[in-house]
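Me: I've got some structure words to learn, and I'd like to see where they come from. Please take me through this one, value by value.

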Amino acid sequence: MRDLSIVLWKEVKEMLRDKKTLLMVILTPIVTLPFMGVVLVYLPAVQEVVIAVIDEDLSEASIGNFSVSSQSIALFLRDYLTHFGFLTTSEETEVAQVILKIPVGFVANLTSYEHQASVILVKRLGSPRVDQAVAYVELLLNHISRIVSEAKVYNLGKLANLTVKTEAVLNPIALRTVALTPAGRPAEAGEELRLYLSRMLAVSLAFVTTPAASYIADSLVGEKERKTLEKLLSTPISRTSFILGKSLAASLVGLVGGASSVVGAVLLYLAPTVVHSANVAKYVSPEVLVVLFCSSYTSILVSLSISLPIVLRSPSIRAASISSASVIGIASVTYLASLFVNLDELRVPMSILLAIPYASLASAVIRTSLGELLRAVAYLTYSLVFSIVLILASTKLLDPEKMVISRV
Amino acid sequence: MRLSNSVVVRVLNLRKSFGKREVLRGINLEVTEGEVFGIVGPNGAGKTTLLRIVAGLLKPSAGEVEVLGFRVPKDVDKIRRFVSYLPEEANLYGRLTGFENMKLFAMTYFGSKNIDEIVRLGVSIAGISEQDLKRKAETYSKGMSRRVAVASTLMVKPRLAILDEPTVGLDVVSARYVREIIKQFAKEFGTTIIFSSHNMFEVSKLCDRVALIHSGRIVAVGSIEQILADAGAGDLEEAFVKLAGGENA
């Protein structure tokens, strides 16, 4: 215990004086998280896409009392697309990424009972926002299609002297989708956005882990590089205290990183509110912040516990540094994967991924957001136990000979 | 088995290999209490490996090493309580002050209580002003760093101090100061000191007895006068060349 406090004393002094690294541990989540929110939520919405809606038909016709003109359709499309944040034009231009041509004969076909009207949609590849624009155009055309269909059905019914309910003809099967949370309660409006943001929080664990894991690797490898290790290992300090002292110091870094990630998370939820008037701040809950804090802290401990045996057994400092970078890489990729998939819902054999503590920690954050706190606690506990066991096992792995003769 | 009080280090037929490369090839030597014992040899002769084994950092591949009656590697935890080791080119913790570096090494031997006296001794050995010792060690010159490092090694009054090339890379004035503090400390406290160097002049100034080491073997051991007489040489450098087998040794 005495030895442990001595190593911890040294590590804390060094850590507090390494202001740049400490600042990185604090600032990385605080800066990166809201930035990620802005990039993923706001930027795609404001990226400029020019849509040309060109009316080559310039005609009008009617279905019974319902009159249709190509100009009104083009105007309707341009108005709504502008409302959705796209730039529109009525002329064919070089800058247009999406071009919708209403060809000659369109209105005649649209109002006929024998022909199908068609439009030509041209899109330039290369931007997800263009795909989004195309999706909006398709949505609006479907809407127009629907209105025209209703008019035709109504008119046919009138001609046949039948009472026709348009829905019964056009949509004989009504589909009502009810969204439930995994806990089984009806999902509130905005629940999907809440889930999306919680996935971002899971990804954000990578930003906490990366600087902290680098700090941990440096605290071991750096002792060798700075030629301080050999003297410390020759003193009466026990090997267990040496490892546990460094681990405790790293866990202090974890506490700092965890607190920063909570601040970053609050900013993440506030960023879209400020820049995009999307009120997502209401989705911040104390449970999510507490679990995020615990996950950030545990993520750092996990990185330490995985790095320790690798660093302690590496034949050279360079090998140790590369191994540590690999651990950071695995953590980052695992957290990134949680953006696209529920890592705790995979089938065998991929379900083995959950054994990677990073996957459990990402799942803990997402599950908390979905109201499954007990499941989140189970994931957190697993990761915590995993890291503690590995750290304790690593105390047996410290071989001064390997550390001393390892190449720089 | 415990050694007699007068023998602090005994090395018997010590061999050490790293993979296929044999670095020590049957070393035999004894260091007695209170003497300043020099290990002299060119770079790559095996000096550092020998000292690391005596300090308990490396394990012998074969042979026996006993320090203060304790065996290496079995009893290294006990050995480390009585031995203080300064590795070659060891640095201070740059973000700690000179004071804090000394405090750290004092604490590793005596815990955090009652170490003021030990640190005070360190300050007097280092011969650096208190104002300078309050600065971060990363701002020190190489000479100042080495003085604090040597002071940290000696201030804990170990029964055996092992100093691996403590003056290497220092300017003439700093090297002279370090030699002086080692000499003065050994005289004042009677601490056994093993001192390695490739500088024959330095060793002849400082050591009671020396061992000349070449390619992992001891080629001569004894007092400087004895070695010079046996080799029929005028100085230690000439003796080394003769004993090691010529100019290309």
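Reply: Let's start with pairing: two strands count as paired when DSSP finds at least two bridges between them. Strands themselves are DSSP runs of E with at least two residues, helices are runs of H or I with at least four, and both are numbered from the N terminus. This is a predicted model, where local features need pLDDT of at least 70 and side-chain atom pairs count only at pLDDT 80 or more, while totals for chains, interfaces and linings use all residues. Residues are numbered from 1 along each chain as its sequence is written, and chains are lettered from A and ligands numbered from 1 in the order in which they are written.

Me: What makes strand E2 (residues 60-63) and strand E3 (residues 66-69) of chain A a pair?

Reply: DSSP has to find at least two bridges, and here 4 bridges join E2(A) to E3(A), so they pair. The two strands run antiparallel. For one bridge, look at A:Ile63, whose partner in E3(A) is A:Phe66. The hairpin has 2 residues between the strands, and A:Gly64 takes a positive phi near 60° there.

Me: How do you know that strand E1 (residues 50-55) and strand E5 (residues 98-102) of chain A are paired?

Reply: Count again: they share 5 bridges, in the parallel sense. At least two are needed, so that's a pair. In one of these bridges, A:Ile54 has A:Lys101 of E5(A) as its partner.

Me: In the sheet of chain A, what makes strand E4 (87-89) and strand E6 (120-123) edge strands?

Reply: Check the order: the open sheet has 4 strands, E4-E1-E5-E6 of chain A, with mixed pairing. E4(A) and E6(A) each have a single partner strand, so one side of each is left without a neighbour in the sheet. From one strand to the next, the twist averages 15°.

Me: Which helices lie across those strands?

Reply: Helix H3 (residues 70-83) of chain A lies across E1, E4 and E5 of chain A, at about 170° to E1(A). Helix H5 (residues 128-159) of chain A lies across E1, E5 and E6 of chain A, at about 25° to E5(A).

Me: Why do you describe helix H10 (residues 286-313) and helix H12 (residues 357-369) of chain A with the words you do?

Reply: Angles run from 0 to 180 degrees between N-to-C directions, with axes fitted to C-alpha atoms, for helices over the stretch in contact. Under 35 degrees counts as roughly parallel, over 145 as roughly antiparallel, 65 to 115 as roughly perpendicular and the rest as oblique. The axes of H10(A) and H12(A) come within 9 Å and cross at roughly 175°. H10(A) and H12(A) are therefore roughly antiparallel. By class, their contact has 9 nonpolar, 5 polar and 1 charged residues. (Ala, Val, Leu, Ile, Met, Phe, Trp, Tyr, Cys and Pro count as nonpolar, Asp, Glu, Lys and Arg as charged, and the others, Gly among them, as polar.)

Me: And what do you call the arrangement of helix H3 (residues 98-110) and helix H4 (residues 116-126) of chain B?

Reply: Their axes come within 9 Å and cross at roughly 130°. That makes H3(B) oblique to H4(B). Residues making the contact include B:Phe99 and B:Met102 of H3(B) and B:Ile118 of H4(B). The contact divides into 6 nonpolar, 1 polar and 1 charged.

Me: What makes B:Leu92 buried or exposed?

Reply: Count the other C-beta atoms within 10 Å, with C-beta atoms placed from the backbone: 20 or more means buried, 12 or fewer exposed, and in between partly exposed. B:Leu92 has 27, so B:Leu92 is buried. B:Leu92 sits in the loop between strand E6 (83-86) and H3 of chain B. Not counting residues up to four places away in sequence, B:Leu92 touches B:Asn101, B:Ala137, B:Ser145, B:Val148 and B:Ala149. Touching means that C-beta atoms lie within 7 Å.

Me: How do you know that strand E9 (residues 209-214) of chain B is largely enclosed?

Reply: Of its 6 residues, 5 are buried, so E9(B) is largely enclosed by the rest of the structure. Strand E3 (residues 36-40) of chain B runs parallel to E9(B), joined by 4 bridges. Strand E10 (residues 217-223) of chain B runs antiparallel to E9(B), joined by 6 bridges. One of those pairs B:His214 with B:Arg217 of E10(B).

Me: Last one: how many residues does each chain give to the contact between them?

Reply: Chain A gives 21 residues and chain B gives 27. On the side of chain A that touches chain B, the largest share, 6 residues, comes from H1(A). That side divides into 7 nonpolar, 3 polar and 11 charged residues.

Methods:
Contact = placed C-beta atoms within 7 Å.
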